[in-house]
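This briefing is written for someone meeting the structure for the first time. Please look through the sequence and the model below before reading the notes that follow.

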Amino acid sequence: MSDPAHIVDDMRWSDFASGCPKLAGLAQEWIIGRHIMLLGTLRADGSPRISAVECDLVEHDLCTGMIWRSAKAVDLLRDARMTVHSLPPGKDNPDGDLKLYGRAIAVEGEHKRGYEREIFARLQWAPTEPYHLFALDLDAAGFVRFRDGGRDVWRWRAWEGMRTYFRPDGA
C-alpha cells in the first residue's frame with residue numbers, strides 16, 4: 001500500500017505519464033497488452049485482500065470496473081488505498097514485475113460511459129449499471145526485471161521522483 005506518511009495530491013494517470021514517461025510507458029504496455037492485474041485492498045479488519053482485476057486506460061485515467069457491491073469494491077469505498085501488481089509475477093518472468101501504489105477514486109457519470117465505450121471496443125461487451133468504476137490515482141510505482149545475476153530496479157515516488165539502479169543478487 002502507499003506510504004501514509006507521504007500522502008500527496010491524487011495523481012491522475014496523465015500526470016504520472018508526463019512526470020515519469022519511461023516508467024509510465026512501460027506500465028502502459030503492460031496494461032494494454034495484458035489488462036489483467038492483481039489488486040491489493042484492505043478488508044474492514046485491516047487484513048489484505050488480493051483480487052484479479054482488469055485495468056484499462058480511459059481518457060486521463062487508469063481504471064478498473066467491478067461487480068456492484070463486490071468485496072473488493074466495498075474495501076475501496078471504505079479505504080481507498082490500493083496496490084496493483086502485474087501478472088505473472090516472479091523471477092522467471094522475462095518481462096519483469098510492475099507495481100503501482102495509490103488510491104482508488106470512485107467515478108460516476110459520463111466517465112463511466114467512456115469506460116463502457118473503451119471496454120466495448122476491446123471486448124464487444126460492456127458492463128451495465130449498476131457497477132463500480134474506480135480511477136487509480138498513483139503516488140508510487142516500481143518495476144523490477146531480473147537479469148545477469150541481479151535485477152534492474154525502477155522506482156518512482158511522487159515525493160522523490162524517478163530512480164533507477166541495478167542490484168546484484170545477494171546485495
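This is a predicted model: local features need pLDDT of at least 70, side-chain atom pairs count only at pLDDT 80 or more; totals for chains, interfaces and linings use all residues.

- Within helix 2, the buried residues are Leu23, Ala24, Leu26, Ala27, Trp30 and Ile31.
- An α-helix has 3.6 residues a turn, so residues three or four places apart point the same way.
- Pro21, Lys22, Glu29 and Gly33, by contrast, are exposed, and they sit on the other side of helix 2.

**Backbone features in the loops**

- Most residues other than glycine have a negative phi, and most peptide bonds are trans. The residues in this group can be read against that background.
- His35 follows helix 2 and has a positive phi, near 65°, although this residue is not a glycine. His35 is placed in the loop between helix 2 and strand 1, the latter covering residues 36–42, and with a relative accessible area of 13% His35 is buried.
- Gln124 also has a positive phi, near 60°, and is likewise a residue other than glycine. Gln124 is found in the loop between helix 4 and strand 7, where, with a relative accessible area of 56%, Gln124 is exposed.
- Pro130 lies in the loop between helix 4 and strand 7, and the peptide bond that leads from Glu129 to Pro130 is cis, with omega near -5°.

**Cysteines**

- A search of the whole structure for disulfides finds zero.

**The largest pocket**

- The largest pocket has a volume of about 270 Å³. Its lining is made up of 15 residues, and those closest to the centre of the pocket are Glu54, Gly65, Met66, Tyr115 and Trp125.
- Strand 2 (48–54), strand 4 (61–67) and helix 4 (110–123) are the elements that give two or more residues to this lining. Helix 4 gives the most to the lining of the largest pocket, namely four residues.
- Sorted by class, the lining of the largest pocket holds 10 nonpolar, two polar and three charged residues.

**The second largest pocket**

- The second largest pocket holds about 160 Å³ of space. Among the 14 residues that line the second largest pocket, Gly142, Phe143, Val144, Val153 and Trp154 lie nearest its centre.
- Two or more residues of this lining come from each of strand 6 (97–106), strand 7 (131–147), strand 8 (150–157) and strand 9 (161–168). Strand 8 gives the most to the lining of the second largest pocket, with five residues.
- The lining of the second largest pocket is divided by class into seven nonpolar, one polar and six charged residues.

**Two further loop residues and their distances**

- His60 is found in the loop between strand 3 (56–58) and strand 4, and with a relative accessible area of 44% His60 is partly exposed. From C-alpha to C-alpha, His60 and Pro130 are 23 Å apart in space, while in sequence they are 70 residues apart.
- Trp159 lies in the loop between strand 8 and strand 9, and at 28% relative accessibility Trp159 counts as partly exposed. Trp159 and Asp139 are 20 residues apart in sequence, and their C-alpha atoms are 7.9 Å apart in space.

Technical notes
Residues are numbered from 1 along each chain as its sequence is written. Side-chain values use heavy atoms; hydrogens and water are left out. Buried means under 20% relative accessible area, exposed over 50%, partly exposed in between (1.4 Å probe, protein chains only). A disulfide is a pair of cysteine sulfur atoms within 2.5 Å. On a 1 Å grid over the protein atoms alone, a cavity is a set of points where a 1.4 Å probe fits but cannot get out, and a pocket is an open set with protein on both sides within 12 Å along at least five of seven lines; lining residues have an atom within 4 Å of a point. Grid points are joined across faces, edges and corners, and a volume is the space filled by probe spheres set on the points. Ala, Val, Leu, Ile, Met, Phe, Trp, Tyr, Cys and Pro count as nonpolar, Asp, Glu, Lys and Arg as charged, and the others, Gly among them, as polar.
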